[in-house]
Amino acid sequence: MLAKAELTASDLQQLARRLDDINVESLSSRIRPPVSQAASLTALTAAINGMLERLDTAYQAEARFVSDASHELRTPIAVIQGYADLLDRWGKDDPAVRQEAVDAIRKEAENMSDLVQQLLFLARGDNETQVVEPERFCLSDLAEDIFRETALLEPGQTLKSDLAPQVYVLADVGLIRQSVRILVDNACKYTPQSGSVTLSLTAREGHALLTVADTGPGIPPEEQERVFERFYRSEQSRSRATGGTGLGLPIARWIAQRHGGDILLSSVPGQGSRFTLVLPLLEA
């Protein structure tokens with residue numbers, strides 16, 4: 001509570017004038033306490049500056065998010081426009097050109113749809129409107145289903161599993177399935193056919209640990225935490241045709257943390273990576 005004896009009307013007027021000068025374009029500005037150096041006013045000034053710091057950080061993050069999203073959408077839009085022009089000029093009477101354009105436009109439209117869905121998911125997560133419906137279910141069965149699905153979708157990939165039975169959690173089945181699929185898809189994406197992807201599940205110390213391990217190129221230490229940043233992609237992933245949007249791992253981690261867990265990463269360059277989904281264990 002402010003001590004009235006330490007404050008004057010002049011002090012508060014000076015503080016109010018300085019606050020009036022701060023707007024969205026000058027969130028990086030900070031205010032200095034009036035010359036009176038009243039202890040309570042100094043504390044108030046520090047609190048206001050702390051609030052401005054948090055607002056500035058949030059605003060800059062939002063601005064980067066919008067910029068990155070615009071950049072990601074620009075490429076498929078440009079491809080679609082290019083093939084539309086191609087159809088308009090030469091493809092109307094050439095079946096080969098027409099089919100090439102249709103296939104390319106369909107693929108880019110699907111990429112845009114996936115990106116928009118990911119952006120909407122993150123936006124709902126940011127404003128706490130993403131629906132989460134926990135229920136008791138067997139994580140072992142879910143992991144086995146994903147393993148079988150992956151075997152069908154990735155016939156050229158060597159897949160292995162080591163799943164403990166009867167591991168139960170209290171979570172949203174759809175969201176957990178989405179998170180695990182992201183980890184498995186990433187592992188398959190960066191693992192050569194000469195390598196392997198292993199899906200394992202254990203229960204230990206009150207937690208269910210679902211690990212996806214690959215024998216891909218691994219991730220340099222300086223990039224291991226950054227892979228969970230939105231839109232971040234290493235130079236290696238940017239050079240691949242299947243580089244993705246850089247939103248999968250942030251979504252997977254948000255899902256895990258929303259359930260009181262996390263996703264842990266262990267990686268050795270040249271040897272592979274291990275992503276572990278950690279969830280609170282539901283005891284029998």
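Let's start with E108. E108 counts as buried, because its relative accessibility is 15%. Buried means under 20% relative accessible area, exposed means over 50%, and partly exposed is in between, with a 1.4 Å probe and protein chains only. E108 sits in helix 3. A helix here is a DSSP run of H or I with at least four residues, a strand is a run of E with at least two, and both are numbered from the N terminus.

A word on the source. This is a predicted model, where local features need pLDDT of at least 70 and side-chain atom pairs count only at pLDDT 80 or more, while totals for chains, interfaces and linings use all residues. Residues are numbered from 1 along each chain as its sequence is written, and side-chain values use heavy atoms, with hydrogens and water left out.

Back to E108. What is E108 in contact with, leaving aside its neighbours within four places in sequence? P76, V79 and I80. Contact means heavy atoms within 4.5 Å. Take P76. E108 and P76 are 32 residues apart in sequence, but their C-alpha atoms are 5.2 Å apart in space.

Now A109. A109 also lies in helix 3. Is A109 buried or partly exposed? A109 is partly exposed, because its relative accessibility is 36%. From A109 to V79 is 30 residues in sequence, and 9.8 Å in space from C-alpha to C-alpha.

Next, the whole chain. The chain has 7 helices and 7 strands. From the N terminus, the order is α-α-α-β-α-β-β-α-β-β-α-α-β-β. Of the 284 residues, 39% are buried. Take contacts between residues at least 6 apart in sequence: 68% of them join residues at least 24 apart. The accessible surface is about 16,500 Å², and carbon and sulfur atoms hold 53% of that. Areas come from the Shrake-Rupley method with a 1.4 Å probe, and for residues only the protein chains shown count as cover.

On to helix 7, residues 248-258. Helix 7 is mostly covered, with 9 of its 11 residues buried. Among those buried residues are P250, R253 and W254. What do the buried residues of helix 7 pack against? Helix 3, helix 5, strand 6 and strand 7. After helix 7 comes G260, with a positive phi near 80°.

Now a loop. Q224 lies between strand 5 and helix 6. Q224 counts as buried, because its relative accessible area is 16%. A polar atom of the Q224 side chain lies 3.1 Å from the backbone oxygen of S267. Beyond neighbours within four places in sequence, Q224 is in contact with I219, L265 and S267.

Last, the inside. How many cavities of 30 Å³ or more are there? The count is 1. A cavity is a set of points, on a 1 Å grid over the protein atoms alone, where a 1.4 Å probe fits but cannot get out; lining residues have an atom within 4 Å of a point. Points are joined across faces, edges and corners, and the volume is the space filled by probe spheres set on them. The largest cavity has a volume of about 60 Å³. Its lining includes I146, F147 and K160. Helix 4, strand 2 and strand 4 each supply at least two residues of that lining. By class, the lining has 6 nonpolar, 2 polar and 1 charged residues. Nonpolar covers Ala, Val, Leu, Ile, Met, Phe, Trp, Tyr, Cys and Pro; charged covers Asp, Glu, Lys and Arg; the others, Gly among them, are polar.

Definitions and conventions
On a 1 Å grid over the protein atoms alone, a cavity is a set of points where a 1.4 Å probe fits but cannot get out, and a pocket is an open set with protein on both sides within 12 Å along at least five of seven lines; lining residues have an atom within 4 Å of a point. A polar contact is a pair of N or O atoms within 3.5 Å; within protein, one must be able to donate a hydrogen and the other to accept it, and residues adjacent in sequence count only if both atoms are side-chain atoms.
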